[in-house]
Amino acid sequence: MSCFTKGAVVLGVLAASAGWQTRAADDPVSAADKALVAAFEKGDKAALNKYLDTDFTWIDHDGIMIFRSDALALGMKPLVGEGEGVDIVKHPYGDQVVWLQAHSGKNYASRFWVKRAEGWRLLHTAEISVLQRENRVRPTFDIPCNNPCKQLPIRTVDKVQEAAMAGWQEQESGRQFWLKHVADDNQTVSTYGGQTAPKKDRPNPPPPAPGTPTVGAAPVLFARLWTFGPETVVMVACQPTYGEKAYWASRIFHFQHGTWQMAESYHTYIQASGVMTEVQGR
């Protein structure tokens, strides 16, 4: 190999490396996330005020919802930040929403970054520490899916939210609709289940045993929605599970492949919650 060829190879490698570093440095969400994590660790309220959205909420691993002002007053620290031993996954949705997950061991944190007029802001974060599932109380009778399948305690404020919720209601109405409305790369994370495989790789559940009651999806007691462009909706909802504790669900719905799909879903169970049961006929 000539000296010229060797020099060209070295320059090419350096150029590629510089290009990668430039792309990483130019990624505004990654830069904002690192700055925000550092600000939380240092208690730098000036930086926190810069990056936290006015609607910011934080669901910690115990399932406690904390609002922006309280998070600042409490001096809270992220369950999972960034650095050695932390896996970071980032998914953009449209040009206004980026979902970022930080994962280390049994701990997960999702951070919902949204683009506002003044720049990228953290709208919501949900944390999960995976626990061993507790004994569940299974209903002994059928429970129909009225909420959320047929009605929701939500006032949608635009056509985008209305369409996203219609897709989600259909999703919760049966396995065939779940297959349609859950994104192929969706990996749901929950306190008592950890992170699932991507939806496209999950095996079909076994058929229920004869006589097993049909139990509808967990109802919604509270939800708030945010619209970002014509194709993305962020949702935070509180849902009690039949025979289990209630959980906070943090989700992203995105219009893709010709339909609304649930792209991200975090279920943080509320440790102080009681177990919900239902009396038949009431």
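Glu244 sits in the loop between strand S10 (232–240) and strand S11; strands are DSSP runs of E with at least two residues, and they are numbered from the N terminus. The model is a predicted one: local features need pLDDT of at least 70, side-chain atom pairs count only at pLDDT 80 or more, and totals for chains, interfaces and linings use all residues. Residues are numbered from 1 along each chain as its sequence is written, and side-chain values use heavy atoms, with hydrogens and water left out.

Is Glu244 buried or exposed? Glu244 is buried, at a relative accessible area of 8%. Buried means under 20% relative accessible area, exposed means over 50%, and partly exposed lies in between (1.4 Å probe, protein chains only). The Glu244 side chain makes a polar contact with the side chain of Arg133, at 2.4 Å. A polar contact is a pair of N or O atoms within 3.5 Å; within protein, one must be able to donate a hydrogen and the other to accept it, and residues adjacent in sequence count only if both atoms are side-chain atoms. Leaving aside residues up to four places away in sequence, Glu244 touches Arg133, Arg136, Tyr269, Gly274, Val275 and Met276. Contact here means heavy atoms within 4.5 Å.

Tyr269 leads on to the aromatic rings. The structure holds nine aromatic pairs. Rings of Phe, Tyr and Trp (its six-membered ring) pair if their centres lie within 6.5 Å; planes under 30 degrees apart count as stacked, over 60 as edge-to-face and the rest as tilted. Tyr247 and Tyr269 have ring centres 5.2 Å apart and planes at 50 degrees, so this pair is tilted. Tyr247 belongs to strand S11 (residues 246–256) and Tyr269 to strand S12 (residues 259–269), so the pair ties together parts 22 residues apart in sequence. Tyr247 is buried, at 6% relative accessible area. Tyr269 is buried too, at 6%.

Phe255 and Trp260 make an edge-to-face pair, 5.8 Å centre to centre with 65 degrees between the planes. Phe255 is partly exposed at 40% relative accessible area, whereas Trp260 is buried at 8%. Elsewhere, Phe40, Phe56 and Trp58 form one aromatic cluster.

Now the cysteines. The structure holds one disulfide, a disulfide being a pair of cysteine sulfur atoms within 2.5 Å. Cys145 and Cys149 form it, with their sulfur atoms 2.0 Å apart. The torsion about their S-S bond is about 90 degrees, so the disulfide is right-handed. Both Cys145 and Cys149 are buried. Cys238 is also buried, with a relative accessible area of 12%.

Note on methods:
Helix = DSSP H or I, 4+ residues; strand = E, 2+ residues; numbered from the N terminus.
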